[in-house]
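Welcome, and take a moment to look over the chain before reading on. This briefing goes through a few of its features, grouped by topic.

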Amino acid sequence: MVFGQVVIGPPGSGKTTYCNGMSQFLTLIGRKVAVINLDPANDALPYECAINIEDLIKLSDVMNEHSLGPNGGLIYCMDYLEKNIDWLESKLKPLLKDHYLLFDFPGQVELFFLHSNARSVINKLIKKLDLRLTAIHLVDAHLCSDPGKYISALLLSLSTMIHLELPHINVLSKIDLIESYGKLAFNLEYYTDVEDLSYLQYHLDQDPRSAKYRKLTKELCDVIEDYNLVNFSTLDIQDKESVGNLVKLIDKSNGYIFSSIDSSAIEFSKIAAGPLDWDYYRTLAVQEKYMEEAETSEKDDKM
């Protein structure tokens, strides 16, 4: 079995930065990582990608040739990738033996809650290559500072979860910058746990633009609460403890923690139902070793 992550989220949520930081972290704890760039508009990559969709199709070429805008061009590119899925499969097959996969997708949110082509690409890869993937949906933490934007983020997260039908983790990215956008109306746990949304109604009513949509907002909040699916983890991509906690959650969701365990169904159940602070079967010791080596290397470089 091959494990990995499907990294999605609105533009500016930090997907490419996430892929860069996550690949470095996973490498430090001893995993071989391959980053697959499936964003045809991303031509300034901070990481070395094993597969680049620009070798198949470029957004700029599509826009020029078919007189499309950026949104229409991205949909065309995903359609083209779906029809040429054999190209992607052939590129992935050499990596399947020993690599952990990170798929960096475009930031056009319609691809993941409205159109079917990106979902079809993911599903075909899962079935044909026996992949175990978790969707990582990044949402910029600054949206918590605006009740209206926060509810929009909740709706987007819920729609994406239902549409993709994958193990799914919603993440408030750039959590280290959240205080720079002003004081939150409630503590952070309120936003991560998605508690009683009626408390946001008062704050929305203070804004004349939002007050006239009070009834619509209430109905939308009721939908979110009725499904009761959305919550958030937090992430500071520069903080190794924050990244490590998220990795534990991801590994539990896609089954990576079970991959090297030869045990009974009872033991599997204990691990699945247990807290997230399991010892990774000595992986954390390996992590500390790599972290110490990395810090030593950084000190040597400075000297």
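In which loop is Glu165 found? Glu165 sits in the loop between α7 and β6, the strand of residues 168–173. Please keep in mind that the model is predicted.

**The chain as a whole**

- Of the 303 residues in the protein chain, 46% are buried.
- Among contacts in the protein chain with a separation of 6 or more, 73% are between residues 24 or more positions apart.

**Helices α3 and α6**

- Two packed helices are described by the angle between their axes and the distance between the axes.
- Helix α3 covers residues 70–83 and helix α6 covers residues 117–129; they pack at an angle of about 30°, and their axes are 9 Å apart.
- Angles under 35 degrees count as roughly parallel, so α3 and α6 are roughly parallel to each other.
- The crossing in which α3 passes α6 is left-handed.
- On the α3 side, the contact is made by Ile75, Met78, Asp79, Leu81 and Glu82, while α6 brings Asn117, Ala118, Ser120, Val121 and Lys124.
- Sorted by class, this contact of α3 with α6 has five nonpolar residues, two polar ones and three charged ones.

**Helices α7 and α11**

- Helix α7 (residues 147–164) packs with helix α11 (residues 214–227) at an angle of about 45°, and the two axes lie 10 Å apart.
- That angle makes α7 oblique to α11.
- Here too there is a left-handed crossing, in which α7 passes α11.
- From α7, Ile151, Leu154, Leu155, Leu158 and Ile162 meet Thr217, Leu220, Cys221, Val223, Ile224 and Tyr227 of α11.
- The contact of α7 with α11 divides into ten nonpolar residues, one polar residue and no charged residues.

**Helix α12 and the residue after it**

- Helix α12 runs over residues 240–254, which is 15 residues.
- From its first C-alpha to its last, α12 reaches 21 Å, close to the 21 Å expected at 1.5 Å a residue.
- Which residues of α12 are buried? They are Ser242, Val243, Gly244, Leu246, Val247, Lys248, Ile250, Asp251, Lys252 and Asn254.
- Just after α12 comes Gly255, with a positive phi of about 90°.

**Loop residues on either side of β6**

- Glu165, in the loop between α7 and β6, has a phi near 55°, a positive value in a residue other than glycine.
- Is Glu165 buried or exposed? Its relative accessibility is 65%, so Glu165 counts as exposed.
- Lys174 lies in the loop between β6 and α8, the helix of residues 188–193.
- The phi of Lys174 is near 55°, again a positive value in a residue other than glycine.
- Lys174 counts as partly exposed because its relative accessibility is 29%.
- Ser180 is found in the loop between β6 and α8, and it counts as exposed because its relative accessibility is 59%.
- How many residues apart in sequence are Ser180 and His142? They are 38 residues apart in sequence, and 8.5 Å apart in space from C-alpha to C-alpha.

Methods
Residues numbered from 1 in each chain as written. Predicted model: local features only at pLDDT ≥ 70, side-chain atom pairs only at ≥ 80, totals over all residues. Heavy atoms only, no water. Axes fitted to C-alpha atoms, helices over the stretch in contact; angles between N-to-C directions. Helix = DSSP H or I, 4+ residues; strand = E, 2+ residues; numbered from the N terminus. Parallel < 35°, antiparallel > 145°, perpendicular 65-115°, else oblique. Left-handed = near helix turned anticlockwise from the far one by under 90°. Contact = heavy atoms within 4.5 Å. Nonpolar A, V, L, I, M, F, W, Y, C, P; charged D, E, K, R; others polar. Expected span 1.5 Å × (residues − 1). Buried < 20%, exposed > 50% of the residue type's maximum accessible area, 1.4 Å probe, protein only.
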